[in-house]
Amino acid sequence: MSEAWRQAFARVPDLLAAHIQLSFSALLLALFLCFPLSIWAARKPKVATVILAFASLVQTIPALALLALFYPILLGLSVLLGEGISALGFLPALLALTLYALLPILRNAVTGLTGVDPAAKEAADGLGMTAAQKLRLVEAPLAAPTIMAGIRTAAVWTIGAATLSTTVGQASLGDLIFAGLQTQNWTLVMAGCLASAALAIIVDLLLGMIEHAIAVRKKSRAWVATAILAIGLSAALLPSLQSRDDVIVIGAKGFSEQFILARLIGGRLEEAGYEIEYRDGLGSAVVFQAVMAGDIDISIDYSGTIWTNQMKRTAAVPTPQMLDEIAGWVSAEYGGNMLGALGFENTYAFAVRPEDAADRGLATLDDLARYSSTFSFGTDLEFLERPEWDMVKSAYPMRFKEERSFNPTFMYPALSSGEVDVISAFSSDGRIAANGFVVLEDTKGAVPSYEAMILIAPNRRNEKPFVEAIKPLIGAITVENMREANYRVDRDADKQTPEQAAKWLDRRLRNGKVE
Amino acid sequence: MSVPGPRIKMQNVSRQYGALKAVDDVTLEIESGSLVALVGLSGSGKSTLLKMINRLVDPTGGDILVGGENILNSDPHILRRRIGYVFQNIGLFPHMNIARNIAIGLELAGESGAGDKRVAELLDLVELPQEMALRVPEQLSGGQQQRVGVARALATRPGLMLMDEPFGALDPVTRDSLVSQYKALHEKLGLTTIIVTHDMAEALYLADRILVMEEGQIKADATPAEMLSGGAGDEAEALVAVPRAQAAHLSQLGGKA
C-alpha cells in the first residue's frame, strides 16, 4: 500500500467510530420516535396520512440543506434557552439524520402493523388480550419482517447521509471526502467513500440477516447477527467513553489554506501538551459563530469577512484601524479574543489569463468593467452572495455575460481552460502565480482588506499556555510563504497533504527566525 | 371436572350502526348447559348478537347477563378470558407453534406452568395426534387448524362457548365429523354453547334449541323437532324447507336405484 493510502486510512478508525456513533444515535432516536407514532398511525388511518405526509415532506429536502437548516434553528434555541445547546456538531447532525430516518421506518411499520391478518387480531381479542398484549404477542411479531426492512433502509440512508454532517462540524467519514475534494486528494476521497460504503454494506447485510431470520423464525441466527452488530457498536462507542475535557477543537473552513493553518496551530498546541481535534470544511458563517459560542476553540478568519458579514460595516478603513475595531467588537460582543493578524492577506483578487491581459490591456478593475459584457465570471460558491460583490459592483459598474460558481478547486482550471474569463481568486493562492494569471488592481479600494487573523473562543481567551503557544505565529507568515504552502497542497503533481504543508511552513517559520 | 356452563340472559338488547338496527330489541334467556343455534341469512344480525356476549361488539342498548352478572361489570379482556370463542377464519397465530397457540390463553392468565400437560389433554380432547404440538399452523389442514382453534378456546376451561360459523369454511366430510365431535364435547364438558350458522341442516343436527333471526329480531324459537313439524312460523319454515327438499330429493334418487 502506498504512503498516500496509508495516510488516508490512518484517519479512518477515529472517523469511522464517530460516523457509527452518529448514525446509530440518529437511528435509535428515530426508532424511539417511530415506536409510538407508528402504533398511533396504525390504529388511526387519518393520523397515518398526516404523519406519513410529514415524513415524506422531510425526505424531499436535500440532506445537505436539512443539516444546514438545523444550525440557525439551534442557534435561535440556544439564544432563547441560554447555555447548554450546541448549535454545531453532533446535535444538528443528529436531528437532521433522525428526521431523515423517520420515513422508511414509519412507512414500513404502518404497512406492517395494518397488514396483520384480521383473523389473527380477532383471535387475539377473542382470547382476551389487552391492547398491549395484542401488540406484543401478535401484531409486532407478525409485522416484524416488514418493520425490519424499513429499519434496514433507514440504516443505509443514515450511514450515507451522515457523510454530509462534516459541513456542520460533526466528525464523520465525510471529513475525508470533503477534505479530499478540496485539496484534490482523490486517495482521501476514495478512503472516505470506501469506508462509508463498506460500513453501509456490512450493516445492511447484518440487518438483512436479522430480517430473514425473523421471517423464517430462526431466532438463533437473528441473535448471531445482533451480537455482531453489538460488538461493532461497542467498539465504536469505546473511544467516546474516555474523557475529552481537555481536547482543543480547531475549526477550519473548506479550503487548503485553512486546513494548513489549522495543522500549523495544531502542531504548536500539541508541542504545548494539548490534545487536538480538527473540524474541517465548516461554512464561513458557521465557523465564526462556533468559535464565539465555544463549540470550537480556535479558528483563522479574515478581517474583511468579519467587517462586512458580521459587523455589517461597508466603509473601508485603513487596515490597522480595522483590526483594532474588530478586536474590540469581538471582545465586547462575544467575549472572544482576536489574538492578532498572521501577517498576510487573503483578499479577493480578480484574475484573468495573461494573454487576455496583454491583448486587451487589462490592468485594473476599471479595465475589466469595460470588457465585462463579453466576459464570463467564475467565482467560489459564496462570492456572489457576499457583500463584497455589491461593493465591487457599485465601485466598478460590471455586468458579466455569465456568472458561474465553482468549488474553489475547480475555479482555477476553469480559467485556464477558457470556460470562464475572469475569476474571483484568493490572493494567497499559489495557483495564481503558478498559472501566470494576472491580478487586476483594485484602484478604488472597493474590496476591504482580508488580513488572516486568529480568533479564540471566550472560554480560552486568557488561558496562558494556550495563548503563549500560538502567539509566535502573529505577524510571522508572509504571503509568499502562505502561497508556497498552499501550492504544495493545491498543485496537480507531487501533491502534499495539509499536514505535510503545515510541517513545511512550520520549519520555514522557525528557520526564518534563526536566520 | 365439568362445572355446568352459565345461563345467559338478554334484556332488550340492541345494536345500531347509524340508522341500521343490526340487532333490534332482543330479549332472550338461554339455559345453563344448552346448545343453541342462531340461524339466519347473511345480515340478519346473528353474528352481531353473538359478539355482544363477549363484547367484541358493544350493545347500544339493553343488558346482557352471563351467569347472573352484567357483562359491563368487568373489563372486556377479563370477560373474554372466561368465554371460549371460535370463528370461521380460525385466526391461529402463524408465528407460534401449535402447543403455544393452544396454551396462549393460559399464558395470558399467568398459568403457563401447567401448559404442557394441559396441551396434551386438549390435543386428545379434539382428537389430534400429540406430535402436532411442535408444528406450526401452516403445516396443518383446515380441519386440523379448526380443531386447534377449538382446543385453544377450551384451554382455560370456560363454561360458555361462542362459535361464529366455526365449520363454515371446511369441506363437507371434515365438517360433518367435527360437528358430531363437538356435540359430544359439549355434552361431556357440560358447556353452554351458542353457535351461529346459516346452515339449517347443521343446526337441526347439532342444537337442542334453534333461534331464527331476521332483520335483527328473533322470528322463531323452537326445538329441532318443533322446527321440522312446522309449528315455528314462516321464517323457520322457509329455512327448514331447503334441507327438507334436499332430503326428499335424495330419498327419491335412492328409491329409484
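## Contacts within chain B

Two residues are in contact if their C-beta atoms, placed from the backbone, lie within 7 Å. In this predicted model, contacts of chain B between residues at least 6 apart in sequence can be sorted by their separation: 69% of them join residues at least 24 apart.

## Overall form of chain B

Chain B contains 9 helices and 10 strands. Along the principal axes, its C-alpha atoms fill a box of roughly 55 × 55 × 35 Å. Of its 257 residues, 44% count as buried.

How does the radius of gyration of chain B compare with that of a compact globule? For 257 residues a compact globule would have a value near 18 Å, and chain B has 19 Å, so the two agree.

## The largest nonpolar core

The largest nonpolar core has 198 residues. The members that touch the most other members are L97(A), A101(A), L106(A), I298(A) and L38(B). Helix α5 of chain A, residues 90-114, gives the most to this core, contributing 14 residues. Two domains of chain A, domain 1 (3-241) and domain 2 (247-347 + 449-514), each supply at least three residues to this core.

## A second core

A separate, second core is made of 25 residues. Among them are L368(A), F375(A), V392(A) and I423(A).

Terms used: Residues numbered from 1 in each chain as written. Chains lettered and ligands numbered in written order. Predicted model: local features only at pLDDT ≥ 70, side-chain atom pairs only at ≥ 80, totals over all residues. Core = buried A, V, L, I, M, F, W, Y, C linked by C-beta atoms within 7 Å. Buried ≥ 20, exposed ≤ 12 C-beta atoms within 10 Å, placed from the backbone. Helix = DSSP H or I, 4+ residues; strand = E, 2+ residues; numbered from the N terminus. Domains from an automatic or database assignment. Rg over C-alpha atoms; globule rule 2.2 N^0.38 Å.
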